[in-house]
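This report looks at the pockets of one protein. Please view the sequence and the structure before reading on.

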Amino acid sequence: MPEVFRNYINGEWVDGPTFENRNPANTDEVVGLFVKGTGDDVHRAADAAQAAFAGWANMPGPARGALLFKVADILEKKFDQLGEEMCREEGKTLPEAKGEVRRAINIFRYFGSEGSRLPGHLVPSERDRVHMFAIRKPIGVIGLINPWNFPIAIPAWKLAPALICGNTVIIKPASVSPLSSWRIVEACHEAGIPKGVVNFIAGSGGEIGKALVTAKPLKAISFTGSCEIGEWIHTEASKRRLRIQLEMGGKNPTIVLADADFKSAVENVVNAAFFSTGQKCTATSRAIVEESIYDKFVEAVAERMSKLKVGNGMEPGIDIGPAVDQGQLETDLKYIEIGKQEGARLVAGGNRLTGGAYDKGYFVEPTLFADVTETMRIAQEEVFGPVLAVMKAKDFTDALRIANNIPFGLSASVQTTNLSRVFEFVYGAEAGLLTINLPSAGVEYQLPFGGTKDSSFGPKEQGPAALDFYSDYKTVYLKY
Ligand code: NAP
């Protein structure tokens with residue numbers, strides 16, 4: 001019998017009917033059973049979080065920080081287990097999963113230290129004997145809604161800054177990968193974070209989302225996921241003037257110029273397009289290549305792709321795991337069909353992988369389309385799978401125009417050795433996250449993270465900027 005993972009409300013583990021979390025690389029395997037929370041659970045959790053708020057907010061920042069360090073230590077003791085569980089619930093390869101667990105641990109330590117700083121402002125007054133300063137204060141009860149693709153890093157980068165600022169929270173994990181964030185909550189419980197401060201409710205996004213936007217004590221929602229759901233939250237939460245932070249989809253470009261280090265450009269594009277099965281919000285889905293190296297580049301990418309091994313991410317030597325579920329697999333195959341019908345040239349891949357162990361999972365071949373033009377749907381719409389569209393550009397100016405000609409603006413990359421092109425790209429690219437001579441995907445936690453245009457709304461996540469969403473200022477003028 002698979003293990004049952006219960007919801008966590010007001011410091012208690014709460015039972016109820018369950019739903020299955022299955023391994024996308026082997027759907028015979030049930031990773032766990034999760035209690036399906038309800039709207040009533042959300043309202044109870046919100047009341048508990050409200051009751052816990054004053055005590056938590058008034059605890060000194062360094063004491064809250066010490067508890068976050070404990071959470072990090074508990075996660076670290078389970079490092080291998082957490083990596084394996086994530087590989088089994090989400091499908092990414094074991095090294096990628098372990099890298100993500102490491103990142104989550106580092107995030108708790110980073111924001112734990114922030115408890116001893118929580119920087120405000122102290123400036124000289126124009127007036128005589130007036131002392132003026134601004135201190136940070138927490139907001140209150142915050143809903144944290146998570147996607148499935150980074151099941152421990154994203155909950156960590158929402159939860160840790162929320163807690164260090166003195167807020168209390170309700171965590172909603174994605175239904176296809178709830179276990180990794182459940183482990184964080186278990187660690188919070190073991191670390192002794194007071195009851196009501198952290199609450200966890202798995203279950204249907206629609207039901208829990210509706211309850212979150214109506215739960216009276218709620219003050220803010222941080223959401224990462226699709227544009228469609230983000231837009232719904234924006235509309236509903238704005239009716240109550242909830243503070244909102246939305247991180248959503250992308251259609252990220254990598255520009256490859258003729259002067260680039262060719263080998264590393266190929267490697268960076270292949271890495272960013274296909275690793276984690278293309279299921280990173282910062283993945284490259286468009287390679288925009290200068291025409292003088294276009295044919296050579298397409299050929300080299302196809303050659304590199306032929307060496308990629310697709311399979312169960314628990315096995316050594318596997319580069320690419322499965323799509324996360326049946327729905328994402330169907331989306332990948334649908335866009336491959338759309339690409340063919342639109343007249344893009346299918347250079348590699350294009351099929352579901354079948355036979356043997358492949359029949360047990362949602363495996364799709366890494367797929368390369370060349371001669372993609374700007375108006376094609378595979379050049380405009382997010383696939384969120386291992387599908388790369390290669391587009392031809394006359395020169396850098398043309399490439400940058402094509403790169404910006406989309407509604408999204410999450411990440412963008414350029415491969416070049418020309419310093420002027422680097423700076424033109426830095427100032428001209430319409431994206432919140434830029435990489436140069438690196439893959440477009442792969443971020444650290446110490447700097448602001450988030451997009452622009454339709455990809456994002458509200459303050460950035462991570463780094464020092466994270467505090468801006470999870471706290472407010474109180475400004476003080478004092479005559480002495
Ligand atoms: P999703 O379908 O929008 O789901 C995200 C979360 O929202 C899940 O927990 C989901 O719950 C929940 N949800 C569903 N309906 C809801 C509602 N009406 N109200 C409130 N919450 C609701 O997205 P996804 O498929 O998990 O993730 C893939 C998307 O996330 C892609 O578009 C990707 O680009 C984006 N993403 C963006 C970033 C970034 O930083 N910009 C990072 C990672 C992913 P259920 O699972 O129960 O449906």
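From which domains does the lining of the largest pocket draw at least three residues each? They are domain 1 (4-248 + 455-479) and domain 2 (252-436). The model described here is predicted.

## The largest pocket

The largest pocket has a volume of about 990 Å³. Its lining is made up of 36 residues. Nearest the centre of this pocket lie Trp 148, Phe 223, Gly 225, Ser 226 and Ile 229.

Sorted by class, the lining of the largest pocket holds 15 nonpolar, 14 polar and seven charged residues.

## Elements around the largest pocket

Several helices and a strand take part in this lining. At least two residues each come from α7 (205-214), β11 (218-224), α8 (227-239) and α11 (326-342). Of the lining of the largest pocket, α8 provides the largest share, with five residues.

## The second largest pocket

For the second largest pocket, the volume is about 360 Å³. This pocket is lined by 21 residues, and Arg 103, Phe 150, Lys 280, Gly 442 and Val 443 are the closest to its centre.

Which helix gives the most to the lining of the second largest pocket? Helix α4 (residues 94-114) does, with six residues. By class, the lining of the second largest pocket has eight nonpolar, six polar and seven charged residues. Domain 1 (4-248 + 455-479) and domain 2 (252-436) each supply at least three residues to the lining of the second largest pocket.

Conventions. Residues numbered from 1 in each chain as written. Predicted model: local features only at pLDDT ≥ 70, side-chain atom pairs only at ≥ 80, totals over all residues. Heavy atoms only, no water. 1 Å grid on protein atoms, 1.4 Å probe; cavity = no way out; pocket = protein on both sides within 12 Å on 5 of 7 lines; lining within 4 Å. Points joined across faces, edges and corners; volume = space filled by probe spheres on them. Helix = DSSP H or I, 4+ residues; strand = E, 2+ residues; numbered from the N terminus. Nonpolar A, V, L, I, M, F, W, Y, C, P; charged D, E, K, R; others polar. Domains from an automatic or database assignment.
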